Amino acid sequence: MRELLEAALGAAQRGGATYTEIRALEREHERIQLKNGHMDRADTEISAGVGVRVLVAGAWGFAATAYLDAAHLESAVRLAIDIARASAAVNGAGLRLPSRHAVVADLATPFDIDPFAVSLDQKVQLLTEADDIIHATPGVKVSQAFMDFRREHKRLATSEGSYIEQRRIESGAGISATAVGDGDMQVRTYPGLPTRCQTLAAGYEHIIALKLVEHAADIAREAVDLLTADPCPAGEYDLIIHPSQLVHTIHETCGHAVELDRVLGLEAGYAGTSFLTLDKRGHFRYGSPIVNLTADATTPRSIGSFAYDDEGQAGNRTFLVRDGIFEAYITSRETAQQAGVPSVPSVRAESWEHLPISRMTTISLEPGDSDIDDIIADTKRGIWIANNKSGSIDDHRLNFQFGAEIAYLIENGRLTRLLKNPTYTGITPDFWGSCDAIGDAASWQLYGLTMCGKGEPQQIGRIGHGASPARFRNVRVGVMKLCPSWYTSPMPARPSVSLPTAYMAIPTMCRLHKGQSPCPLRSTVCQCFRTMWLRINGCAR
């Protein structure tokens, strides 16, 4: 294979390419799903091909082929060159990548038990045991159990002389209980991800460690109990968020917000841009002083980690937010050069047939120094919330709302009543600015999200996130009612500046009223569009 790829590199150079990447990928993906005791899915997908990306006259061209022979690969090279020349004719010459040292490496993720060596019967037996326990629980109408395994062998050859081989194994599993009664439906999952499986870069030993059978009765009982639980109250509460929920907030409010291509407007169609514009790097207060968020492509067992990305850049660990101050973006070679910022390698493609783009690596909240029991004991009036169920966020990554599967009321330092349908909402810097306690390293948990969408045409990425439980003060929770002024007061004029620009002025204006009656911008009276409009138009005083 190496000789084939290097021959294609020579063809690209002769065709006028100033830089070339050729990425060959072989992948095997097995999925198993049981539903109500019956096999719902059991399939294995095998895919192989080569993607070619060239830089000609300062513009990119990309082409791919599923045929792994010299003739088809050279044809893909010629097509990529033709596309690059056409792009250069439209956009003009511009991009020139700085030179770098060649890398030759052959790497593999460690694992103890090869999941592809474990029989299908053995996997199905484990899922069946868990599914049977859930389905036998009175009140449960739907029981499900899942497994997901992937192995791949990636080879990257570049015109700079790099040749990198990477092999990895990924394994995931999960279970789900859906209870129905009294006109209501409630779902509980374990380990608690809407992508169904908790997936890590590990072998079948990870599946064993999840102990699906041991957790099956608990989630079935909780799903049924939620049917008669009290709804989550509406108002401002101190919120303690479990890692299974917090990682989704990290994903949407930080992970996508720090993608530099999104900031530069190179990626906007699928999920918008970002409020973290270039002028904010290095001084904007993203969160409280205890908030530290990292992009760490070296995190062991994370599906967001790698030794080298699809541009051949070595994975590293970088603080995105340090002591609450926004510091860095995740980048490609191109966007880092364009913006003049340090490179944080992150480029990966969904498959051999996709153009490589910047993707989150392992974006995590660093652990603090608090014991989770102490955090709860120190909370007089709050809500503990876990397991993400839904979410939405605006196209600047500012205004969000998330819903979870389960919550408990906290009264005088104790978990008391079970609550259903919990939701919380906020503005990203306000929310992270209210964080005043983070669990210690012993409570830090790593999760794998396998369904992150980005780009048009869309690419599905696999992302890692880690977090400890954390407390956020005075968070607006529950379903809110519109205030009467929504119906009676005139709507303010449309602002002449963008939402991110207007919002950045709010902290300064609110400080003008320190020690006086509350600023209208900080005493929001309803969760509605009018409130957001007031926030971006400035203080009325």
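How many salt bridges does a search of the whole structure find? I ran the search and got 42. I counted a salt bridge when a side-chain nitrogen of Lys or Arg lies within 4 Å of a carboxyl oxygen of Asp or Glu.

Ground rules for my notes. This is a predicted model, so I kept local features only at pLDDT of at least 70 and side-chain atom pairs only at pLDDT 80 or more, while totals for chains, interfaces and linings use all residues. Residues are numbered from 1 along each chain as its sequence is written, and side-chain values use heavy atoms, with hydrogens and water left out.

**Entry: a pair within a helix.** I looked up Asp 218 and found a salt bridge to Arg 221, with the closest N and O atoms 3.7 Å apart. Both residues sit in helix H5 (residues 212-227), three residues apart, or about one turn of the helix. My helices (H or I, at least four residues) and strands (E, at least two) are DSSP runs, numbered from the N terminus. Asp 218 is partly exposed at 36% relative accessibility, and Arg 221 is partly exposed at 41%. For these labels, buried means under 20% relative accessible area, exposed over 50%, and partly exposed in between (1.4 Å probe, protein chains only).

**Entry: pairs across the sequence.** Next I checked Asp 261, which forms a salt bridge with Lys 454 at 2.9 Å between the closest N and O atoms. Asp 261 belongs to helix H7 (residues 260-263) and Lys 454 to strand E22 (residues 445-454), so this pair ties together parts 193 residues apart in sequence. Asp 261 is buried at 9%, and Lys 454 is buried at 1%.

I then found Arg 471 and Asp 378 meeting in a salt bridge of 2.9 Å, N to O. Arg 471 is in strand E24 (residues 470-477) and Asp 378 is in the loop between helix H9 (372-377) and strand E17 (381-393), so parts 93 residues apart in sequence are tied together. Arg 471 is buried at 4%, whereas Asp 378 is partly exposed at 44%.

**Entry: a network.** I also noted Glu 26, Asp 106, Arg 155, Glu 165 and Arg 167, which are linked in a network of salt bridges.

**Entry: the sheet.** I traced six strands in an open, mixed sheet, ordered E13-E12-E11-E16-E23-E22. Strands count as paired if DSSP finds at least two bridges between them. Strands E16 (residues 362-365) and E23 (residues 459-467) run parallel and are joined by three bridges. I picked out Ser 364, whose bridge partner in E23 is Gly 466.
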